[in-house]
Structure formats: structure tokens, C-alpha cells
Amino acid sequence: MESRSVPPGPYRATKLWNEVTTSFRAGMPLRKHRQHFKKYGNCFTAGEAVDWLYDLLRNNSNFGPEVTRQQTIQLLRKFLKNHVIEDIKGRWGSENLDDNSQLFRFPANSPLKTFPRRHPELRKHSMENFSKDKDSVFKLRNLSRRTPKKLGLHLSQENTEKMNCEIINEDQENSVSNREISKEDVEEVWRYIILIYLQTILGVSSLEEVINPKQVIPQNIMYNMTSTSKHGIVILQDKSDDLPHWVLSAMRCLANWPRSNDMNNPAYAGFERDVFRTIADYFLDLPEPLLTFEYYELFVNILGLLQPHLERVAIDALQLCCLLLPPPNRRKLQLLMRMISQMSQNVDMPQLHDAMGTRSLMIRTFSRCVLCCAEEVDLDELLASRLVSFLMDHHQEILQVPSYLQTAVEKHLDYLKKGHIKNPGDGLIVSLPTYSYCKQISAREFDEQKVSTSQAAIGELLENIIKNKSLPLKEKRKKLKQFQKEYPLIYQKRFPNTESEATLFGDKSTIKQPMLSLRKPKFRSLRY
């Protein structure tokens, strides 16, 4: 069954849950089973359910191949708890399910999760609160008319420059002398620029249902952009917010293994496992995930960009979203991603788990330390694993400082200072990023295109042999004969009869068309 990508929007985790449960109910094969000398119809074993759902999740663009079999079992337990399935006697509500031959069935109606009316945070701080101030940047009034509703934004440099000239020419007549730029102006510009870039990258008509503008704290963005080391790692002024020294030492030890394992460290079997357990315990005991509960909905929405044809969009969107984090969280995330990425690629790293590879162990251990909801969400582990896997592969680019953002803010402030624009949220002076989106196709269309493309390339090879005037006639005949043997259908399409070959060689073709293989008749002996 083909997966559908759930688009960005509010309550994406709930939408994903409903999609998976619907697909599972519609596609899971049902048949008769015998248990304790009794037959049961329209049911399935737990092992069969694990096999089918495991394959579905791994091939679903919303989750990907990083999904493990154990995570699939955990999801089936959630299904049993939420009455998506029940055992053969109609019992549900527990998580008593293992990868075995226990029988389960679908209830008459599998419940779908309902959506709250509005985003919980937006119920507190409704956008109506901002309507009193018509000039407020929170309303992002310039975005709605410039950003299309569908993915596939194409804003050319020429149109942007034209728009900018109109803004400048219009304001030059009424421009005043340089105005003073207040601290509040600078903060409003930072908020405005990052929101308009994020909306453009995501290709959505509004960010209202994804993030409340009040959640964007300009001071965090400015600190994360400027207070960094030469490697882009955030440097904290208040050391009490930093990782403890012993955690930093342990992380450095495993990230640089075995070079950092000097004579001062204990030398006993299993030492590296103890060090890893120390690091894991620290991050698991944090009061909230590194991406914070506040930004859960935002990052879950970006998970729908984590597809091969949208990889560039996902990287740019995550780069901006990670700038919103409190500086201590961003620093911890940078150091954690660098450590687990280096450990996963280190061929000299000793085995840290008896039944699991290093990469899988990193994802399983730290996924919920990076992303989870304040309230229990049934797909949390799968969504977090998907995000951590992507962060591991692209952390250097995602967690670096985007220079274009600083340039955009400085240019916007300059126009504000010169009076070309009157308010921090007026107009967008800098050009927006341009994205081109590929159309996603089905597996069948991909296979058909693959075959047609391959045949076209082989046909082109045949034409090159035919048109090669420098190739001796004898050598050309030899190559064509070999081509005919390897690709008879393509050859026959080019030369449907011997006359077409004769035209090529100027005489009767010596390359014989393949003959039907006739079996020799068997003669029966006259002797009895």
C-alpha cells in the first residue's frame, strides 16, 4: 500500500496516527487460524501483524527505514491499548502483546483520534490579541499576499528587485533623516525576518497553526547567531547552564575513541559501555527534551519535509528552527549530535550493545531526549527516531549559523534607519529563497521510467555504433551481431527486416535474424 505524505499543519502527529491505523486496518491480511482445537476467522497472529506493519512503516515516507522491529511491536501495543485491535476474546486496554502466535482481530469500529479546536498554545495567546495593533509584526501581514498556499514557491530575483524598488521609490518622497533604531526595533526585525523565511521555506500560507509568534524570542536567535566558537558551537556566558564537566569529558572520550583513551582512564573490559551509560543517564534525566515541549508541533511538522525530494527544504527549515532554541539547549544539541555522529561512523568503536549496532543504539537511546510531547503521544518514539536519524546525517549543516539571515536583518535595519520603511514589519527588502519541488511518483511509475530510460540509453548506443564512420565495416558487423545477441528486442525494433540491414551495409545483410528453435522429432523404434 502506497503511503501518503501528511502535509504540514496543526496536530500532525494525530493525523499520522489516524493515517497509520487506517492503512493497517485496510491492508492487514485476515484469515482463519486454529488455536486450542478451535477455528477463528478473520484474524491474524501478533507475529503476522508485526511483519506487515514493520514493512509498512519502513516504506512510509513519514517514518522511513530507520524504524526497528521493536518499535513496531511498541506501536502494536499502543494499538491494543487504544482499541485499534483486540485479542480474539475481545479484550483490549492493556499492552500485553509480543512477537508471537497470539491471535488478534479488528473491532467493529477502530477509533480515530479527534483534533482539538485549536492549538493549545494559541488558545492562550490567540492571534486576536494582536489585531489591536495594526502595525504589529506578529500579524505578518505582508506574508499572506506573497507566499502561495501550495508547495512549489517560485519567487524570482527580478520580481523581488521590482518589489523592492517600488517600496523605495514610494518612501523616498516622504523619507526623513536617519531615525534612531531602538532595541525593540532590532528584536522585531529579527522576529519578522526569521518567520517570513521559515514560512517561505515551508511553503505554507500561514504559520499561525504551527507556531505562535510570541514563541519566537529574538534574544535567543541573536545569541545563537553571535556567541559561538570558531566551529559554530554556542558559548554560554553562564556556565551553570552548561553541561557538567564530567559529562563533557565522557562525551569527548567516546567522540574521539580510541585517541582520547589515554593512560589516565581505567582499562577494563566494558569501560566504554559504562561511559556511554553515564552520558545516556544525564540526557535521559533532563526535565524536558532538547527541542523543548514548546516547539514540539513545529518540529513534527518539519518531519513531513524529510523526504528525498525535499531534503534541501528540510535542512533549511531545521536550520532556522534550531535557532529558536534557548542557547543552553542548542549547545547541548550540537555537542550530542557531534558525539553520536562520530561514534556511529567510528569503525574502531567497541560494541556497546550485544544485539544492536552503534547507530541504532544512538537513535534508540537519545530520540526521546531530543523530541517528545509534554503529554504522551503514541507516535512520539517513531517521529523522534526519524528526526534524530536525519539530524545525525546533516547536523553540521543544520546546526551552523546561516550567514544570509544576518545579512537580511542588517539590510532591513538599514532601510528602517533611512526611513525607506516605517515599521520593522513593513516590506521585505531582501530576496526570499527560491525552491523547486519535485513531483513524487509511485513505485510503479518509477519502475516504468527506469525501464524506458534504460532502453533509450541502449538505443542511443546502437545508433552510435551505426553512425560511427571511423569504425571498420568488419568491426561494425561484429559489434552489431554482439548487440543483437544481448538486446534482441531493441535490435529488432531498429532493424525489423533484412532489407533495413542491407540498406546499412549496402548489400545483403550477413547478420541473420534469430530463427525459431524447432525441436527435432523423436523417431520411434520399429522394434518392440
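# Briefing: a predicted model, its pocket, sheet and buried contacts

At 31% relative accessibility, Asp-414 counts as partly exposed, a class that lies between buried (under 20% relative accessible area) and exposed (over 50%), with a 1.4 Å probe and protein chains only. Asp-414 lies in helix 15; helices are DSSP runs of H or I with at least four residues, strands are runs of E with at least two, and both are numbered from the N terminus.

Residues are numbered from 1 along each chain as its sequence is written, and side-chain values use heavy atoms, with hydrogens and water left out.

**Second largest pocket**

- The second largest pocket holds about 320 Å³ of space; a volume is the space filled by probe spheres set on grid points, which are joined across faces, edges and corners.
- A pocket is an open set of points on a 1 Å grid over the protein atoms alone, where a 1.4 Å probe fits and protein lies on both sides within 12 Å along at least five of seven lines.
- Its lining consists of 15 residues, and His-231, Ile-233, Arg-338, His-395 and Gln-396 lie nearest the centre; a lining residue has an atom within 4 Å of a point.
- Two helices, helix 12 (327-345) and helix 14 (380-398), each supply at least two residues of this lining.
- The lining of the second largest pocket has ten polar, three nonpolar and two charged residues, where Ala, Val, Leu, Ile, Met, Phe, Trp, Tyr, Cys and Pro count as nonpolar, Asp, Glu, Lys and Arg as charged, and the others, Gly among them, as polar.

- Four strands form an open sheet in the order 1-2-4-3, with antiparallel pairing; two strands pair if DSSP finds at least two bridges between them.
- At the edges are strand 1 and strand 3 (86-87), each of which pairs on one side only.
- Four bridges join strand 1 (residues 31-35) to strand 2 (residues 38-45) in the antiparallel sense, and Arg-31 has Cys-43 in strand 2 as its bridge partner.
- The hairpin of strand 1 and strand 2 has two residues between the strands, and His-36 takes a positive phi near 55 degrees there.
- Strand 2 also pairs in the antiparallel sense with strand 4 (residues 103-105), over two bridges; Thr-45 has Leu-103 in strand 4 as its bridge partner.

**Aromatic pairs**

- The count comes to 14 aromatic pairs, taking rings of Phe, Tyr and Trp (its six-membered ring) with centres within 6.5 Å; planes under 30 degrees apart count as stacked, over 60 as edge-to-face and the rest as tilted.
- For Phe-276 and Phe-366 the ring centres are 5.8 Å apart and the planes stand at 90 degrees, so the pair is edge-to-face.
- This pair links distant parts of the chain, with Phe-276 in helix 9 (residues 271-284) and Phe-366 in helix 13 (residues 358-370), 90 residues apart; both residues are buried.
- Phe-283 and Phe-366 form an edge-to-face pair too, at 6.0 Å centre to centre and 90 degrees between the planes.
- Phe-283 in helix 9 and Phe-366 in helix 13 are 83 residues apart, and both are buried.
- A cluster linked by ring pairs holds Trp-17, Phe-24, Phe-44, Trp-52, Phe-79 and Phe-106.

**Burial and contacts**

- Helix 11 (residues 311-321) is mostly covered, with nine of its eleven residues buried; among them are Val-313, Asp-316 and Cys-321.
- The cover over the buried residues of helix 11 includes helix 6 (183-202), helix 10 (296-302), helix 14 and helix 15 (403-418).
- Phe-63, in the loop between helix 2 (46-58) and helix 3 (69-81), counts as buried at 1% relative accessibility.
- Leaving aside neighbours within four places in sequence, Phe-63 is in contact with Leu-16, Val-20, Leu-57, Leu-379, Leu-382, Leu-383 and Arg-386; contact means heavy atoms within 4.5 Å.
- Phe-63 and Leu-303 are 240 residues apart along the chain, and their C-alpha atoms are separated by 8.6 Å.
- Arg-494, in helix 18 (residues 488-494), counts as partly exposed at 33% relative accessibility.
- Apart from neighbours within four places in sequence, Arg-494 is in contact with Leu-462, Glu-463 and Ile-466; the C-alpha atoms of Arg-494 and Leu-462 are 8.7 Å apart, at 32 residues in sequence.

Terms used: This is a predicted model: local features need pLDDT of at least 70, side-chain atom pairs count only at pLDDT 80 or more; totals for chains, interfaces and linings use all residues.
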